[in-house]
Structure formats: structure tokens, C-alpha cells
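Good morning, and thank you for coming.

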Amino acid sequence: MLGKLSWAAIPFDQPIPLIASGMMILVILGVIVWVWAKGYVPYLWREWITSVDHKRIGVMYCILGMVMLLRGFIDAIMMRSQQALAFQSNGYLPPEHYNQIFSAHGTIMIFFVAMALVIGLMNFVLPLQLGVRDVAFPTLNSVGFWLTASGALLINMSLVVGEFARNGWLPYPPLSELRYSPGVGVDYYLWALQISGVGTLMTGLNFVTTILKIRAPGMSYMRMPVFCWTALASSLLIIAAFPVLTATLAMLLLDRYLGFHFFTNDAGGNAMMFVNLIWVWGHPEVYILVLPAFGVFSEVVSTFSGKPLFGYRSMVIATMAICLLSFLVWLHHFFTMGAGADVNAFFGIASMIIAVPTGVKIFNWLFTMYGGRIRFESPLLWAIGFMVTFTIGGMTGVLLAVPPADFVLHNSLFLVAHFHNVIIGAVVFGAFAGYTYWFPKAFGFTLDERLGKAAFWCWFIGFYMAFMPLYAVGLLGMTRRMQHYDVAEWRPWLLVAMAGAVVILCGIGLQIAQLVVSIRTREERRDLTGDPWDGRSLEWATASPPPAFNFAVLPDVRGQEAYWGIKEHAIETQHMVDEPEYRAIEMPRNSPTGVVTAFFATVTGFSLIWHIWWLVALGLVGAFATFVVFAWRDVDEYEIPAEEVARLDRARRAARLAVLPSLSRPT
Amino acid sequence: MSETAMPAALDDPNRVGHHGAEATGYGAGGPAPKRVVTAYGFWLFLLSDFVVFSAFFATYAVLAKATAGGPQARQLFNLTNVGVETACLLASSFACGMASIAASVRSQLWTQICLLVTGLLGFAFVALEVSEFARMNAEGAGPARSAFLSAFFSLVGLHGLHVSVGLLWLGTMMAQILAKGFRPTMMRRLLCFTLFWHALDIIWVALFTTVYLMGAG
């Protein structure tokens with residue numbers, strides 16, 4: 001009846017997961033009860049859960065990413081403290097638990113933190129920067145988000161019911177095959193990623209269609225903000241790479257569930273093929289994450305330097321070059337497999353070539369700042385922190401791209417230090433820069449600068465304390481994923497790294513404080529004009545928070561920095577563009593399709609993990625029924641009357657007109 | 001505002017992409033119409049689906065000789081059966097094309113007839129494939145026998161799964177066209193379905209060549 005599921009699945013004998021899952025359930029229950037008691041349920045259902053508005057979905061992605069960041073960070077600090085303690089002893093985490101923690105840490109941080117934050121920012125910003133009202137397929141957008149949330153839910157369920165994978169963030173066979181991993185851990189991993197992967201693919205399709213087909217009049221390719229270009233490159237990579245992930249994980253599932261022999265040791269299976277396939281997805285994935293972060297930095301550096309971006313065209317070319325090159329380097333993740341000197345040399349050189357367009361970008365940002373009127377607000381601090389940190393990470397990357405050096409350094413903590421250096425230094429810093437930069441646009445008030453800067457410094461210093469020692473200890477020969485060790489020379493470095501993790505923890509604490517303080521003092525920090533940073537692209541042309549329709553009339557784009565041109569003209573003439581003729585606007589109706597689909601996807605995934613076949617069938621039938629009900633709808637749009645549009649837009653115009661006399665440009 | 005009257009401040013700071021008052025760039029005249037957007041998005045989906053298939057094709061190419069002492073391609077494939085399958089699928093695609101012509105002249109009767117023929121031929125294809133799989137399985141040449149057979153069953157089966165899901169979609173859509181008529185949403189869905197159905201033909205041609213013709217030779 002319940003397949004492999006029984007009471008034995010709950011870890012009653014292991015205090016740490018039991019307490020952790022107990023806490024998690026209590027927090028979730030607490031939130032649910034609080035929401036219920038306050039009577040927020042109908043509001044949440046109407047305005048958020050069923051929303052197909054790209055701004056709401058973007059915010060929900062970011063919230064998911066930040067909550068998962070807490071989870072992933074708890075894993076991180078457990079690993080750091082284990083390694084700080086486990087010198088000539090067993091520490092406090094038994095090996096099978098420690099292995100689950102590093103697997104969960106990597107999986108969660110990449111798929112549910114970095115991806116969620118990056119996609120969240122793209123979702124929120126893209127239509128605003130393109131000067132349009134929504135993405136190409138709003139309901140599909142909602143389905144994509146909820147499928148991602150479904151994957152995150154399944155991963156976290158593994159803490160309570162059963163176990164998680166023990167073979168790292170990528171399930172290399174034959175270890176991940178049924179013979180060596182008979183438990184449900186790998187199945188949790190595989191089904192969670194299959195479900196969220198489908199969601200990510202939908203998002204990629206949606207964004208590419210939006211960027212290529214839905215732009216404001218006059219917004220030609222070479223007038224799009226660089227963030228749109230990087231989002232385009234990232235979404236193209238999603239379309240080209242995520243199907244490979246789906247196919248590869250499907251093969252492993254077939255091996256595990258139906259006894260196929262893709263990657264087994266016997267019957268002709270080929271485990272090395274898995275490693276090739278997974279990195280054909282895995283390397284572009286790195287750029288899926290980092291390119292939008294580059295886009296954020298481009299916006300931030302230009303805005304806070306008060307200058308147009310230096311070398312716009314070279315930035316676009318560099319972005320697209322990275323997009324292409326990212327498919328030619330996957331083999332550098334396994335030089336030691338033994339593909340031969342020629343093959344390794346090709347991929348080594350290809351990997352080093354990526355440093356060229358990336359270097360172009362770094363110089364463009366520096367030259368943008370050169371001679372600018374720089375305002376050192378926290379988004380720019382993240383950007384400068386990124387430039388320093390990412391350059392170091394890039395150099396160790398070029399070092400690792402040299403095959404003979406890689407033979408010495410592979411699988412060591414040097415490698416771990418390298419990829420944290422680039423992912424934290426670029427993706428995480430970029431996400432925080434974007435979060436601070438666009439927060440006032442999303443919510444109508446700015447974040448507290450003092451706490452924001454303090455949080456930056458904690459993260460920045462904490463990062464160096466936590467990961468520079470890992471370079472050293474990696475050079476001293478310490479391999480990754482060690483549960484305990486006996487080498488005395490390693491210990492001091494690991495203690496420093498532990499202290500660094502604590503400093504980062506302070507940074508996270510300050511960020512939470514920043515959010516709480518800012519919400520409490522929001523009345524004093526209102527963004528009345530919708531342009532708190534003196535921005536340059538179209539998202540700053542609308543109100544903060546923007547109305548559901550974003551723009552009362554689609555902007556007429558006449559230059560590369562569409563909004564800057566309009567603003568300069570208004571300041572010069574002390575006159576705004578004449579009031580347009582307001583018309584009624586058709587917007588897509590909210591739909592519960594996304595959340596209902598995700599519900600059935602979760603049910604199907606959970607029952608597949610536990611071999612509850614009748615429930616699998618039920619889940620699939622439910623998903624199909626949802627599809628039919630959605631397809632059968634008669635009304636998919638609602639109309640915002642012209643008077644309402646006029647009322648909202650007149651308020652925006654009045655607020656802007658009021659500050660117009662106070663704005664003047666130094667010449 | 002005409003081009004000559006445009007003040008300097010509205011100008012492009014880097015003088016990039018500025019070609020006068022005319023909207024520049026493809027699609028720069030504002031958002032594309034819904035039909036274009038839908039078809040474009042669906043094309044992108046088809047491309048991503050091709051990438052899934054390409055992973056399975058590559059896997060098949062790697063594992064084609066990994067028979068682990070089990071049966072080889074030459075001993076297993078029955079080209080007559082596969083020829084009939086191919087004929088069904090291609091004829092089904094033709095019927096699908098006829099359906100879109102019938103829909104473009106808004107003929108409910110002929111649209112339904114053509115879609116029905118499309119579905120029946122597609123069903124015949126799936127039925128033949130399933131019987132072929134069952135026969136091989138009964139002969140001890142199931143997917144668990146060797147890596148070659150794993151790759152074969154999943155590549156061909158993935159295509160079959162696509163056709164089956166297409167049949168489900170087709171049935172739903174026929175009911176909808178009957179209930180709701182040829183409204184714009186239905187026409188867009190029909191367009192997407194025909195794209196999907198023809199794309200499966202392209203896959204099948206590649207599959208027929210690499211798996212069956214090259215395997216039987």
C-alpha cells in the first residue's frame with residue numbers, strides 16, 4: 001500500500017536530523033498558524049500564490065532562494081565545524097550523515113539558492129527593462145516557479161522522511177547506482193531535480209521568447225540594457241543545457257528503477273558517459289548563474305558611477321562569446337579521466353580562452369567607474385567586492401585549466417576554494433547587489449544602508465577568511481569531503497575557515513536585521529518618485545512598486561539608455577512629456593494552475609521515491625486534469641479600465657513633477 | 001516628435017543602434033502579435049526537445065556495440081515491421097497537414113475527420129512499436145539485457161512516449177475544437193500541435209536511419 005515507506009523512514013535514532021526536522025516543521029506550522037490567525041490566507045491566495053504577474057513571481061523566487069540560502073548555510077557551517085573538530089577524532093557528525101550534508105549543501109545552493117535568486121531577479125526586471133507589461137507566457141511562468149518550489153520541498157522532505165543522497169551534488173555512478181546506494185537518497189535527489197528542472201526549462205523558454213519577441217517600440221537589440229542581454233544568454237543556455245540534465249538524470253533513473261545498464265559496471269554500461277553528459281549540462285550551468293550576475297553589475301556600476309556603461313558593444317559581444325564558449329569546456333571537470341593529452345590540451349586551452357571575454361568585462365566595469373561621479377552605496381560595494389574577488393577566482397580557474405596542474409589539484413580543497421570563490425564572489429554578491437538595487441522598485445521603500453554596508457563587509461571579510469585557507473590546505477594535500485583527518489598542519493587553516501564561516505553568519509544576521517529594520521521604518525524610506533538611485537533604464541520610469549500593468553503606455557524608446565534620455569530632457573526643459581491618452585489595458589488573469597500542478601508533481605515525485613505506484617498514477621491523472629481544466633478556460637484576461645490607468649499614472653506623474661524643479665545636473 | 005526636433009538629450013549616449021526615427025531592429029515596432037509569440041515559444045520548446053533526443057542519440061552511438069554477449073542489432077530488427085511503422089507515422093503527419101488546411105477554412109467536419117485519421121495512424125504506430133518491444137522482451141532481449149538494449153529501448157521508447165503524449169493532446173484538442181469552435185486560442189494550439197507532430201517525424205527519420213538502417217546493415 002505505501003511502497004517502501006514505513007515508520008523506519010523517520011530518523012528516530014539520530015538526534016541531529018530529528019531535531020533539525022522538528023524545528024523545520026515547527027517553523028512551517030508556526031508560519032501557517034500565524035497566517036491563518038491573521039486572516040491573510042485569502043489575500044495570499046489571491047495576490048501571490050495564484051498570481052501570474054512577473055513581479056510577484058520574481059519576488060517569490062527571491063524569497064524561496066533566501067530561505068533555501070539559510071538551509072544551505074546551516075549545512076555549510078555544520079561541515080566547517082565538523083572539520084574544525086574532527087582532527088584525530090570523529091567530530092560530532094557520523095560519516096553517513098556528513099556525506100548527506102555536503103550533498104545537500106551543494107544541491108540546494110546551486111539549484112534552489114543561486115538559480116532561484118538569479119531567475120527571480122530576471123523575472124522581476126526583464127519586462128520592466130524591456131518596457132512591456134509581462135513575460136510571453138505568464139501562466140507558464142507561474143507553473144515554472146511552483147515546480148521549482150516543489151523540487152525544493154522534496155529535498156527538504158528528505159530531512160524528515162528517509163535520507164538524502166550521500167554521493168555529492170552530482171550523483172556520479174556507479175556509486176549512485178542501486179547496488180551501491182540502495183536507499184531513497186539518490187531518488188530524492190533525482191526526482192526533485194527532474195521536477196524543478198522542468199520548471200527551469202519553462203522559464204528559459206519564456207524569457208527567450210520575451211526578450212526576442214516582446215519589447216517596447218524602438219527597443220532594438222543594441223538598445224537593450226546589458227542585463228537583458230545577459231538574461232538572454234543565460235536563458236539560451238538553459239534551453240540548450242537543461243534538456244541534457246533531464247535526459248541524463250532520466251537515464252540514471254532508468255538504471256535504478258528498471259534495471260537498465262547505462263552507467264552500471266556490468267552488461268556494457270559506461271559510467272564515464274554519465275560524467276561527460278552531466279558536465280555538458282554542468283559547465284553551461286555555471287554561466288547560466290553567473291551571466292545574469294554580470295548583468296546586475298553592469299547596471300549597478302553604470303548607475304552608481306553616473307555614466308553610461310563603457311564599451312556597451314564589447315560587453316554584448318563578450319556575453320555572447322561566453323555563451324558559446326561555455327559549451328566547449330566541459331571536459332575540464334575531469335581531466336584525470338584519461339581522455340588523452342590531445343583532448344585535455346584542447347579543453348584546457350578552450351577553458352583559458354573564456355578568461356578573455358571575462359577580462360573584457362572586468363575592464364569595461366573599471367573604465368565605467370573611471371572618471372565617474374561614484375556613489376559608494378551598498379550595491380556598488382557588492383560590485384567592487386565582486387571585481388576583486390572574482391578576479392582572484394578567475395586566476396585560480398585558469399590555473400586549474402592547465403591539465404598537469406589539475407592532475408595535482410583536482411578533488412582537493414583548492415578546487416573547492418576556487419568554485420566558491422567564483423560562485424560566492426560573482427553569483428551571490430551579484431544577487432545581493434541586485435536585491436539591494438531593485439528592492440525599492442519592488443516594494444516602494446529602500447533598504448537600510450548602514451546595516452547593508454555592515455552586512456557587505458561581514459560577507460566580504462568572512463568570505464576571505466573562510467575560503468583563502470582552503471586554497472592553502474588544498475595545496476597541502478587535503479582532499480574535499482573529508483569527514484575526519486589526522487594531519488596536524490591542516491588544522492590551523494580549518495580553524496580559520498570555521499571563523500570565516502562565523503563572520504559570514506554575522507553578515508546573514510545583519511541582512512535579516514536590515515530587512516526587519518527597513519520594513520519597520522518604511523514610512524521614512526519611501527521611494528516616492530520611483531527612481532531612488534538616479535537610474536538609467538526603463539524600470540525606473542515607472543512607479544515603485546509598479547502597477548500591475550507596469551507602464552500606462554508602452555515607452556517610446558529612442559536611445560540606448562531609454563529612461564536617462566527622457567529624464568535628461570525633462571530636467572533640461574523642466575517639463576514632462578505631455579499626458580498620453582489613457583486606454584483600458586488587458587492583463588492576464590490569475591490562475592491556480594501553477595500551484596495545483598506543483599501539488600500533483602510533488603505527490604507524484606514523493607510516491608515515485610517511495611514506490612507507491614497507485615499514488616503515482618493518481619498524481620499523473622491529477623496533473624493531466626489540471627491541464628485540461630486550464631485549457632478549457634474561456635476568459636483568460638481581465639480589463640483595467642482607462643480611468644484606473646489614468647488615476648495611477650497621474651499620481652506617478654504628479655510625484656515626479658513635484659521633484660522636477662529640485663533636479664539639476666552639474667555641468 | 002520628429003527626428004529633427006529631437007533634442008540632444010534624447011540622443012543615444014554612445015550613438016549605438018541609432019538609425020533615425022525609424023524603429024530599428026527586428027521586432028522593434030513593439031511586442032509581436034500573440035500568434036507569433038506562441039509559435040516562437042513553441043519552436044524553442046521543440047528545439048529543447050531535440051536536445052533531449054540528441055543526448056539519447058549520443059548515448060545510443062556510444063553504447064551501440066556494448067551488447068555484453070547478448071543479441072546484436074542485426075539479429076533483432078525486423079525492417080518490414082519498422083517500414084509499416086514509418087508509413088503510419090508519415091501518413092499521420094500528412095493527415096495532420098490536411099487538418100490544418102481544413103481548420104484554416106473553418107470546416108469542423110473535415111478538421112475532425114483529418115484529426116481522427118491523424119490519431120488513428122499515430123495509434124497504429126504506437127501499437128506496432130509496443131508489440132515489437134513486447135516481442136523483443138519475450139525473446140530475452142529486454143532493456144535490462146545489455147547497455148546496447150538499454151540505449152535502444154530508451155531512444156525508441158522516448159519517441160514512442162512523445163507520440164503517445166501527442167495522442168492524449170490530440171484527443172483533448174479534438175474535443176475542444178468541437179466544443180469551442182475555431183477561436184484564436186484553438187487555432188494557435190492547432191498550430192503548435194502540427195509543429196509538434198511534424199517534429200516527431202524529423203526525429204523518426206533520424207532514428208530510422210541511425211538505429212534501424214545502420215543497425216540492420
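Chain B is built with 6 helices and 0 strands. Read from the N terminus, its elements follow the order α-α-α-α-α-α. Please keep in mind that what you see is a predicted model. Its scores are ipTM 0.93 and pTM 0.93.

How confident is the predictor about chain B? The average pLDDT of chain B is 87, and 87% of its residues score at least 70. Among the elements of this chain, the lowest mean pLDDT, 86, belongs to helix 2 (residues 73–76), whereas helix 4 (residues 108–138) has the highest, 96. Residues 1–27 of chain B, however, have a pLDDT below 50, although this stretch makes 53 contacts in the model beyond near neighbours in sequence. Where pLDDT is low, the predicted coordinates should not be read in detail.

Let us look at the packing of chain B. Of its 217 residues, 53% count as buried. Among contacts in this chain between residues at least 6 apart in sequence, 79% join residues at least 24 apart.

I turn now to aromatic rings. Over all chains, the count comes to 71 aromatic pairs. One of them is formed by F133(B) and F153(B): the ring centres are 4.7 Å apart and the planes stand at 55 degrees, so this pair is tilted. F133(B) belongs to helix 4 of chain B and F153(B) to helix 5 (residues 147–180), so the pair links distant parts of the chain, 20 residues apart. Are these two residues buried or exposed? Both F133(B) and F153(B) are buried.

The charged end of R536(A) sits over the ring of W564(A), 4.0 Å from the ring centre. In a further case, the charged end of R633(A) sits over the ring of F630(A), at 3.9 Å from its centre.

How do the two chains meet? In the model, 60 residues of chain A are in contact with 55 residues of chain B. The area buried between them is about 4600 Å², and carbon and sulfur atoms give 66% of it. On the side of chain A, K213(A), R558(A) and W632(A) supply 17% of the area that this chain buries against chain B, more than any other three residues.

R256(A) is found in helix 7 (residues 226–258). Is R256(A) buried or exposed? Its relative accessible area is 4%, which is under the 20% limit, and therefore R256(A) is buried. Its side chain makes a polar contact with the side chain of D187(A), at 2.8 Å. A polar atom of the R256(A) side chain also lies 2.7 Å from the backbone oxygen of S176(A). Leaving aside neighbours within four places in sequence, the residues in contact with R256(A) include E177(A), P182(A) and L190(A).

G30(A) has its place in helix 1 (residues 15–38) of chain A. With a relative accessible area of 36%, which falls between 20% and 50%, G30(A) is partly exposed. The C-alpha atoms of G30(A) and G268(A) are separated by 52 Å, and these residues are 238 apart along the chain. Thank you for your attention.

Technical notes
Residues are numbered from 1 along each chain as its sequence is written. Chains are lettered from A and ligands numbered from 1 in the order in which they are written. This is a predicted model: local features need pLDDT of at least 70, side-chain atom pairs count only at pLDDT 80 or more; totals for chains, interfaces and linings use all residues. Side-chain values use heavy atoms; hydrogens and water are left out. pLDDT is the predictor's confidence in each residue, from 0 to 100. Helices (H or I, at least four residues) and strands (E, at least two) are DSSP runs, numbered from the N terminus. Contact means heavy atoms within 4.5 Å. Buried means under 20% relative accessible area, exposed over 50%, partly exposed in between (1.4 Å probe, protein chains only). A polar contact is a pair of N or O atoms within 3.5 Å; within protein, one must be able to donate a hydrogen and the other to accept it, and residues adjacent in sequence count only if both atoms are side-chain atoms. Rings of Phe, Tyr and Trp (its six-membered ring) pair if their centres lie within 6.5 Å; planes under 30 degrees apart count as stacked, over 60 as edge-to-face and the rest as tilted. A charge sits over a ring if NZ of Lys or CZ of Arg is within 6 Å of the ring centre and within 35 degrees of the ring normal. Buried area is the accessible area (1.4 Å probe) that two parts lose on being put together, summed over both.
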